[in-house]
Amino acid sequence: MTEIIDGDAVASQIRDDLTDAIETLADAGARPGLATVLMGDDPASQTYVNMKQRDCEEVGIESYHVDVEGDASPETLYDEIADLNANDDVHGYIVQAPVPDHVDYREVIRRVDPAKDVDGFHPENVGRLVAGDARFRPCTPHGVQKLLEAADVDTEGKDVTIVGRSDIVGKPLANLLIQKADDGNATVTVCHSRTDDLAAKTRSADIVVAAAGAPELVDGSMIGEGAVVIDVGVNRVDADNEKGYELVGDVEFESAKERASAITPVPGGVGPMTRAMLLYNTVKAASLQEDVDVDLP
């Protein structure tokens, strides 16, 4: 029987496991602080911010939020970033993407203090990850690793095919999985829109990670018998229901489930892990900045 990897349960366990580290920091007079910055009024981004604030409240992390008008100048956003860099109560923060078109998101990331870059997107943190000395692992790739660990999937010597080469998921995950580490040592193929015969690449893999942002791109015919399937995609598609839409992944779940040994659902798979690992990175940032040793899960 195919194992359905429960991301909600794994994320809940990580949040519980962070409690001891947060208490250790509190005993040292430090409470981890996470800030979110939202420029504009994108409804999906506002929903994500609200969820992150609830997560913080649940585990005892102080949450802060900064709203910036969507038509404000880039310099207005940069000033808010500078204030967060200087705020000792804020140990980590994220600038919610997307930002308005008149703002260069790469410039935004470059202005974030790398020590507070709990997304792990600053060039310094990307370089450290590639070098095998990550300060923060990006949240979604780290979450994927935690899901594989929870499902007792050993990546050493395994062939992994990642569908998608984004800076947020595909590239950092490939770098993490090839590293000489207990949760690495894999042989990784990264596929993308120019890949020839995608199905052949996915079908030969022990582990398939779909992160292309394309609804149900990967179906059961593209999965090798007994492979592990991690579906990072979350796509809204039209549906004949009360909402008028439903959420689907980058994997056609029902057909893939027939061939996979383990698979993540959408929703309830990778999504909760991304938020949990943001809390993880915030606690780690606080421990580094406050010079307090903590045990992280």
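## Pockets

On a 1 Å grid over the protein atoms alone, a pocket is an open set of points with protein on both sides within 12 Å along at least five of seven lines, and a lining residue has an atom within 4 Å of a point. A cavity, by contrast, is a set of points where a 1.4 Å probe fits but cannot get out. Grid points are joined across faces, edges and corners, and a volume is the space filled by probe spheres set on the points.

This is a predicted model, in which local features need pLDDT of at least 70 and side-chain atom pairs count only at pLDDT 80 or more, while totals for chains, interfaces and linings use all residues. Residues are numbered from 1 along each chain as its sequence is written, and side-chain values use heavy atoms, with hydrogens and water left out.

Two or more lining residues come from each of α4 (105–111), α5 (123–130) and α7; helices (H or I, at least four residues) and strands (E, at least two) are DSSP runs, numbered from the N terminus. This lining comprises 10 nonpolar, two polar and four charged residues, where Ala, Val, Leu, Ile, Met, Phe, Trp, Tyr, Cys and Pro count as nonpolar, Asp, Glu, Lys and Arg as charged, and the others, Gly among them, as polar.

The largest pocket has a volume of about 1500 Å³. Of its 48 lining residues, Tyr48, Val232, Val234, Gly271 and Thr274 lie nearest the centre. By class, 26 are nonpolar, 12 polar and 10 charged.

## Cavity

The structure holds one cavity of 30 Å³ or more. The largest cavity contains about 40 Å³ of space and is lined by Tyr93, Ile94, Val95, Ile109, Val112, Asp117 and Asp119. Strand β4 (residues 92–95) gives the largest share of this lining, three residues.

## Nonpolar cores

A nonpolar core is a set of buried Ala, Val, Leu, Ile, Met, Phe, Trp, Tyr and Cys residues joined through side-chain atoms within 4.5 Å; buried means under 20% relative accessible area, exposed over 50%, and partly exposed in between (1.4 Å probe, protein chains only). The largest core has 48 residues, and Ile61, Val209, Ile230 and Val232 have the most contacts inside it. Helix α10 supplies its largest share, 10 residues. A second, separate core of 17 residues includes Tyr78, Val90, Tyr93 and Val103.
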